[in-house]
Amino acid sequence: MKSAVHALTRDELQQHLAAWGEPAFRTDQLLAWLYQHHVTSWDAMTNLPRALRARLAETFDLRVPARVTTRGAADATTKFLWRLADGALIESVLIPANPALYGEPSDRHTLCVSTQVGCAYGCRFCASGLDGWKRNLTPDEIVNQVLAVERWHAARAARAATEPSPSPAPERLITNLVIMGMGEPLANYDHLLKALRLLNAPWGGGIGARKITISTSGLAPQVRRLADEPEQFRLAISLHGATDPVRSRLMPVNRRYPLRELLAACEYYRTRKGRMLTFEYILIAGVNDSLADARALARLARPLGAKVNLIPYNRVEGLPWERPAEAVCETFLAELERDGVKATLRREKGGDIEAACGQLRLQTLSTDAGPAP
């Protein structure tokens, strides 16, 4: 099988081109076509010699995901369904920051990226694992979610200008990444880290490490491993329960890595990185939304200096959970703040298109389903 070109580092590409007798500057030309112009064919790389393009085509796979559907929410969140080369389907979600005052457009766009087809961890409130886990995504399949959305953005901008897409690279759309889509990111550790290094590299995606947040359901050994990596990626822990009984009810992973073990890994991460952690906490009515739960959560967050991101539950068809009343959420937030914990209450985005937290799910389509317009 051919190697996927979007899974290769600059050094790896340089070695191939040098072995073919190509001058060093060809590497940068190739990378510019891949990561700045987002091309989908070798023939589009017009400043590369025809013979080199033919050899690249023989050696590397320039595969990109097919956009099956695009759904826009009332709040400008956009959800993308992609078909991969083997027919598997994954989702990504583009989330704009809140518009500025007086209606100016947002200056920040975050892409929520998937790392697996389905999920094996079976969190009881989440749609992604309802039909199980199929496989890990490869580094290029992770990278190409970002590039494909940038390509979609450039095509829309060109249509809006009623002229062909300009040859200069379009202005970047995506400024931040959250690795919180389908799957458990740290269960696909090696592929994830290679993809993020490609997206972080100045010759690649060019997205700053501190603008990339990795989320995990609590794989303590991998949290420790991540702490020893040189990059300053942000880390978010999907906690959702402040005691072992509550967390084990919602998240089977807690039986393998209970809170004591997970929190020890978090402390190791904080010590090694010197950076603030985030605890993601979905509020579910009658399950984890009491004042006692808030106080227990504060006892976990305060020693770590962790920020708590409260997320009112987003309904998933077929699951029994309910969202707490807004007053309950506000009271929970106030209790955390009273206990000295920095916390925010997230306002739902994309719920009307099932793109909100916990709503992405494994899907199948008929084989004759066509691409999105």
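# Structure briefing

In the hairpin formed by strands β3 and β4, with 5 residues between the two strands, A76 adopts a positive phi near 80°. Helices and strands are taken from DSSP runs numbered from the N terminus, a helix being a run of H or I with at least four residues and a strand a run of E with at least two. The structure is a predicted model, in which local features need pLDDT of at least 70 and side-chain atom pairs count only at pLDDT 80 or more, whereas totals for chains, interfaces and linings use all residues. Residues are numbered from 1 along each chain as its sequence is written, and side-chain values use heavy atoms, with hydrogens and water left out.

**Overall picture and confidence**

- The protein chain contains 11 helices and 14 strands, and 52% of its 373 residues count as buried, where buried means under 20% relative accessible area, exposed means over 50%, and partly exposed lies in between (1.4 Å probe, protein chains only).
- Among contacts in the protein chain with a separation of 6 or more, 66% come from residues 24 or more positions apart, a contact being heavy atoms within 4.5 Å.
- The average pLDDT of the protein chain is 89, and 88% of the residues score at least 70; pLDDT is the predictor's confidence in each residue, on a scale from 0 to 100.
- Over residues 350–356 the pLDDT stays under 50, and the model has 29 contacts for this stretch beyond four places in sequence.
- Residues 365–371 also have a pLDDT below 50, and this stretch has 8 contacts in the model beyond near neighbours in sequence.

**Strand β13 and its neighbours**

- Strand β13 (residues 307–312) is largely enclosed by the rest of the structure, because 5 of its 6 residues are buried.
- Strand β12 (residues 278–283) pairs with β13 in the parallel sense over 6 bridges, and K307 in β13 is the bridge partner of T278; two strands are said to pair if DSSP finds at least two bridges between them.
- A right-handed β-α-β unit is made by β12, helix α10 (residues 291–304) and β13; right-handed here means that, with the strands pointing away from the viewer, the path from the first strand over the helix to the second runs clockwise.
- Strand β14 (residues 343–345) pairs with β13 in the parallel sense over 3 bridges, and L345 in β14 is the bridge partner of L310.
- From β13 the chain crosses through helix α11 (residues 326–338) to β14, in a β-α-β crossover that is right-handed.

- The structure holds 5 aromatic pairs, a pair being rings of Phe, Tyr and Trp (its six-membered ring) whose centres lie within 6.5 Å, with planes under 30 degrees apart counted as stacked, over 60 as edge-to-face and the rest as tilted.
- One of these pairs joins Y35 and W203, whose ring centres are 6.3 Å apart and whose planes stand at 75°, so the pair is edge-to-face.
- Because Y35 lies in helix α2 and W203 in the loop between α5 (189–200) and β10 (212–216), this pair ties together parts that are 168 residues apart in sequence.
- Y35 is buried, with a relative accessible area of 5%, whereas W203 is partly exposed, with a relative accessible area of 24%.
- The rings of F80 and W152 have centres 4.9 Å apart and planes at 80°, so this pair too is edge-to-face.
- F80 in strand β4 (residues 78–83) and W152 in helix α4 (residues 139–160) are 72 residues apart, and their pair links distant parts of the chain.
- Both F80 and W152 are buried, and ring pairs link F80, W82 and W152 into a cluster.
- Strand β3 (residues 66–72) and β4 run antiparallel and are joined by 6 bridges, with T70 standing opposite F80 in β4.

**Backbone angles**

- Most residues other than glycine have a negative phi, and most peptide bonds are trans.
- H38 has a positive phi near 55° although it is not glycine; H38 lies in the loop between α2 (25–35) and α3 (50–59) and is buried, with a relative accessible area of 8%.
- H240, likewise not a glycine, has a positive phi of about 65°; H240 lies in the loop between β11 (234–238) and α7 (244–250) and counts as buried at 4% relative accessibility.
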